[in-house]
Amino acid sequence: MVDEVDIGHGSRVELGVEDGMGAVTWTEVTPLYDFQPPAPTYDEIDTTHFGSPNRTKEFKPSLKDNGESSLTFAYMPGSALDLAMTASEGKTRQLRFTLNGADPEVYAVFLKQHQRNIPMDDKMVSVASFRVSAKIEAV
């Protein structure tokens, strides 16, 4: 069982900008220190009624919410990634996650927040938070 455990090393995240004609230009988020892929949750509908068995509440799933995704990466002022992030603020983009050993997953997102952290005595980092709309299926 221990041999089945793996680390995230080798995983990649890319920010995609569509040109309006369907072509997407990808910018790799690098150096990437940490990220959280989308974690969908489902709303619920309470379907409990007077005849519910054993006086137990009953529920059905409703709409799916793909949630948010966050990335922590090196902040390098004026870099291609910095310019792509700045140009993406409040705009619809794509995020492509390639987890170590897995097939890529692509999501429609918008950049909700781009926080730059500038410490006096440590590396500068950015934390970008994206709101996820939908998973884009491969064609």
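Trainee: Which residues is arginine 93 in contact with, once its neighbours within four places in sequence are left aside?

Mentor: In this predicted model, arginine 93 is in contact with Leu15, Gly16, Val17, Ala87, Ser88, Tyr107, Ala108 and Val109. Arginine 93 itself lies in strand E7.

Trainee: What lies 3.1 Å from a polar atom of the side chain of arginine 93?

Mentor: That is the backbone oxygen of alanine 87. The cut-off for a polar contact is 3.5 Å, so this distance of 3.1 Å falls within it.

Trainee: How do you know that glutamate 14 and arginine 12 meet in a salt bridge?

Mentor: Their side chains are 3.0 Å apart, N to O, and because the limit is 4 Å, the pair qualifies. Glutamate 14 also meets arginine 96 in a salt bridge, where the N to O distance is 2.8 Å. Since glutamate 14 lies in strand E1 and arginine 96 in strand E7, this second pair ties together parts that are 82 residues apart in sequence.

Trainee: What makes glutamate 14 count as buried or exposed?

Mentor: Its relative accessibility is 8%, and because buried means under 20%, glutamate 14 counts as buried. Its two partners fall between the 20% and 50% limits, so they are called partly exposed: arginine 12 has 33% and arginine 96 has 21%.

Trainee: Which residues are linked with Glu14 in a network of salt bridges?

Mentor: The network links Glu14 with Arg12, Glu28 and Arg96. By this rule, the count of salt bridges comes to seven.

Trainee: Why is the pair of arginine 116 and aspartate 82 called a salt bridge?

Mentor: The closest N and O atoms of arginine 116 and aspartate 82 are 3.9 Å apart, and because the limit is 4 Å, the pair is counted. The two residues are 34 residues apart, with arginine 116 in strand E8 and aspartate 82 in helix H1, and so the pair links distant parts of the chain. Aspartate 82, at 10% relative accessibility, counts as buried, whereas arginine 116, at 31%, counts as partly exposed.

Trainee: Which residues have the most contacts inside the largest nonpolar core?

Mentor: They are Leu71, Met85, Leu95 and Phe130, in a core of 17 residues. The elements giving two or more residues to this core include strand E1 (12–18), helix H1 (80–88) and strand E7 (92–98). Not counting residues up to four places away in sequence, leucine 95 touches, among others, Val13, Trp26, Leu71, Val109 and Phe130. In soluble globular proteins, nonpolar side chains tend to be buried together.

Trainee: How do you know that isoleucine 136 counts as partly exposed?

Mentor: Isoleucine 136, found in strand E9, has 34% relative accessibility, which lies between 20% and 50%, and therefore it counts as partly exposed. Leaving out residues up to four places away in sequence, isoleucine 136 touches Gln94, Val106, Tyr107 and Ala108. The C-alpha atoms of isoleucine 136 and glutamine 94 are separated by 8.8 Å, although the two residues are 42 residues apart along the chain.

Definitions and conventions:
Residues numbered from 1 in each chain as written. Predicted model: local features only at pLDDT ≥ 70, side-chain atom pairs only at ≥ 80, totals over all residues. Heavy atoms only, no water. Core = buried A, V, L, I, M, F, W, Y, C linked by side-chain atoms within 4.5 Å. Buried < 20%, exposed > 50% of the residue type's maximum accessible area, 1.4 Å probe, protein only. Helix = DSSP H or I, 4+ residues; strand = E, 2+ residues; numbered from the N terminus. Contact = heavy atoms within 4.5 Å. Polar contact = N/O pair within 3.5 Å; in protein donor to acceptor, adjacent residues only side chain to side chain.
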